[in-house]
Amino acid sequence: MAIVRAHPAAVADAAHILKRGGVVAFPTETVYGLGAVALDAGAVARIFEIKHRPQFDPLIVHVGDDAMLAQVARAVSARARALIERFWPGPLTLVFERQPDVPLIVTAGLPTVAVRMPSHPVARALLRETGAPIAAPSANRFGGLSATRAQHVEHMLGAEVELILDDGPTQLGVESTILRLEPTAALLRPGALPVEEIEAVIGPVQREVKEDAAAPLAPGRLAQHYAPRTPLRIADLERVPLERRAGAGCLAFSIAPQGYAAARVLSTSSDVREAAAHLFESLHELDALGLERIDAEPVPEHGLGLAIMDRLRRAGA
Ligand code: TXA
Ligand code: MG
């Protein structure tokens, strides 16, 4: 781990780390983010591991320009365009339909992706040098306070983050405002951009926010959003009788047993991080096959294994 002033050479180092699949912390105008290249599922899995998130929670994808937005969002409506013109770069996150290339670990299995264009010069330089969209949650331990200084990141996550770009305290100190536009405009998380300013551009925004639930589409609810249509159960695959395997699919940790109609292996090297990176894609693929059942093998409950098992239990509930 190294905490370094965000001079151009350090930003170049950070971009290099990102391009080879690593994770770095960087300042934005709201809070510090913990970033990885958004299209690299394995690198994104590492973010969850470092944050010790007990479950997958969709991440915000940061873009530096319109071309990067087009890489992650399928279409940009006229209303979204109006907000972008007015508020980007800045602390407004918009929810779009996701491009199929965006790994499902980024969106926690949702068909949508949350995107924002940060205004902080270091974040912008990092995006430019990396040349790719960067997925980044706030750079704090799960459940902990957001980091508004590089030292907060170092304190909470330091040992596990290769590089922390330090540019002093962040300007805004609270996370971005998250807005959904479809089917109706709704505030998903109040944040650094006041909702009144948004309403001045697009008219009334539904504020379905309760005081105790700053984000109505909170992690847990979002996770439940994605349930395979195919019945799923957690099972010791080796013990499932052969005749019960024929019409079913299996989601194996490292080795798929014989006899299943379809099989997906999460990590041939039994690596929970690699498994996490493949989880949502594999579930999606199996779900598309019209199988009578999916048997999912338990994975070791350490590191990202906890998140995987949480997700499988929800999927099987
Ligand atoms: O200011 C910020 O937004 C900071 C900086 C680093 O950019 N980032 C941040 O990320 O606060 P994070 O991971 O702490 O918050 C992500 C939240 C999720 O918990 C969820 O509420 C929402 O964004 N979210 C992400 N993807 C979504 C989606 N597809 N639909 C609805 N909400 C989504
Ligand atoms: Mg957060």
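The paragraphs below take the parts of the structure in turn.

This is a predicted model, in which local features need pLDDT of at least 70 and side-chain atom pairs count only at pLDDT 80 or more, whereas totals for chains, interfaces and linings use all residues. Residues are numbered from 1 along each chain as its sequence is written, chains are lettered from A and ligands numbered from 1 in the order in which they are written, and side-chain values use heavy atoms, with hydrogens and water left out.

Strands here are DSSP runs of E with at least two residues, helices are runs of H or I with at least four, and both are numbered from the N terminus; two strands pair if DSSP finds at least two bridges between them. The partner strand β9 (residues 177-180) runs antiparallel to β10 and is joined to it by three bridges, and a hairpin of five residues connects β9 to β10. Within this pair, Ile178 stands opposite Arg189 in β10, while the bridge partner of Leu179 in β10 is Leu187.

The ligand comes next. Which residues come nearest to ligand 1? Of the 24 residues around ligand 1, they are Thr30, His62, Glu175, Ser176 and Arg189, where a residue is near a molecule if one of its heavy atoms lies within 4 Å of it. The strands β4 (60-62), β6 (112-116) and β10 (186-189) each supply at least two residues of the shell around ligand 1, and β6 gives the most to that shell, with four residues. Sorted by class, the shell has 13 nonpolar, six polar and five charged residues; nonpolar here covers Ala, Val, Leu, Ile, Met, Phe, Trp, Tyr, Cys and Pro, charged covers Asp, Glu, Lys and Arg, and the others, Gly among them, count as polar.

Several side chains place polar atoms beside atoms of the ligand. A polar side-chain atom of Thr30 lies 2.6 Å from an oxygen atom of ligand 1, and a side-chain N or O atom of Ser176 is likewise 2.6 Å from an oxygen atom of ligand 1. For Thr112, an N or O atom in the side chain is 3.0 Å from a nitrogen atom of ligand 1. The protein covers 96% of the 680 Å² of accessible area that ligand 1 has on its own, with areas taken from the Shrake-Rupley method and a 1.4 Å probe.

Val31 is found in the loop between β2 (24-26) and β3 (33-37). Is Val31 buried or exposed? Its relative accessibility is 5%, and therefore Val31 counts as buried, a term that means under 20% relative accessible area, with exposed over 50% and partly exposed in between (1.4 Å probe, protein chains only). Not counting residues up to four places away in sequence, Val31 touches Phe26, Ser138, Ser146, Ala147, Thr148, Thr170, Gly173, Val174 and Glu175, contact being heavy atoms within 4.5 Å. Of these, Gly173 is 142 residues from Val31 in sequence, yet the two are 5.5 Å apart in space, C-alpha to C-alpha.

β12 pairs in the parallel sense with β13 (residues 262-265) over four bridges, and Cys250 stands opposite Ala263 in β13. β12 also runs parallel to β14 (residues 294-296), to which three bridges join it, and here Leu251 stands opposite Ala296.

In the loop between β12 and β13 lies Ser254, which counts as buried because its relative accessibility is 18%. A polar contact of 3.4 Å joins the side chains of Ser254 and Ser270; such a contact is a pair of N or O atoms within 3.5 Å, and within protein one must be able to donate a hydrogen and the other to accept it, while residues adjacent in sequence count only if both atoms are side-chain atoms. By contrast, Arg229, in the loop between α9 (219-225) and β11 (232-234), has 72% relative accessibility and so counts as exposed.
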